[in-house]
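Q: Hi! Could you walk me through this model? I have a few quick questions.
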Amino acid sequence: MGKTLFARATAAGHRWRLLGAGKLLRLVERASAAAELGFKAHPHMLRHACGFALANKGHDTCALQAYLGHKNIQHTVRYTELSPDPFKDFWR
């Protein structure tokens, strides 16, 4: 069995089932196809979406670094560099 990423409850009696990397990949691929995104999505995109959403809300870059588990702050700064909105009124 592969590495378990998440555990989820099933509809039948709320038994917990393990959700591995392969299952998560197929789930994201099916959801992206159903949403007609026009590109093949993968689970790592959810991580990036989370980082951009938190940066857009103005969360502290160091807190964001810790949350995402980045060792190098430069990897986290990318999220804020591409998101200028939180800084538009910075000098007012």
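Q: Let's start with histidine 70: buried or exposed?
A: Histidine 70 is buried, at a relative accessible area of 16%; buried means under 20% relative accessible area, exposed over 50%, and partly exposed in between (1.4 Å probe, protein chains only). Keep in mind that this is a predicted model, where local features need pLDDT of at least 70, side-chain atom pairs count only at pLDDT 80 or more, and totals for chains, interfaces and linings use all residues. Residues are numbered from 1 along each chain as its sequence is written, and side-chain values use heavy atoms, with hydrogens and water left out.

Q: Thanks! Where is histidine 70 found?
A: In the loop between helix H3 (61–68) and helix H4 (73–81). Helices (H or I, at least four residues) and strands (E, at least two) are DSSP runs, numbered from the N terminus.

Q: And which side chain does histidine 70 join in a polar contact?
A: That of threonine 76, at 2.7 Å. A polar contact is a pair of N or O atoms within 3.5 Å; within protein, one must be able to donate a hydrogen and the other to accept it, and residues adjacent in sequence count only if both atoms are side-chain atoms.

Q: Switching to H3, which residues are buried there?
A: Leu64, Gln65 and Leu68 are the buried ones in H3. Seen down the H3 axis, they fall within an arc of 105 degrees, so they line one face of the helix; the arc is that of the directions from the helix axis to the C-beta atoms.

Q: What do those buried residues pack against?
A: H2 and H4, with contact meaning heavy atoms within 4.5 Å. Ala66 and Tyr67 are exposed, on the face of H3 turned away from its buried side.

Q: What caps the N-terminal end of H3?
A: Aspartate 60 does, with a side-chain oxygen 3.1 Å from the backbone nitrogen of cysteine 62. After H3 comes glycine 69, with a positive phi near 75 degrees.

Q: Last topic: how confident is the prediction, and where is confidence lowest?
A: The protein averages a pLDDT of 80, and 72% of the residues score at least 70; pLDDT is the predictor's confidence in each residue, from 0 to 100. Confidence is lowest in strand E1 (residues 4–9), at a mean of 56, and highest in H3, at 91. Where pLDDT is low, the predicted coordinates should not be read in detail.
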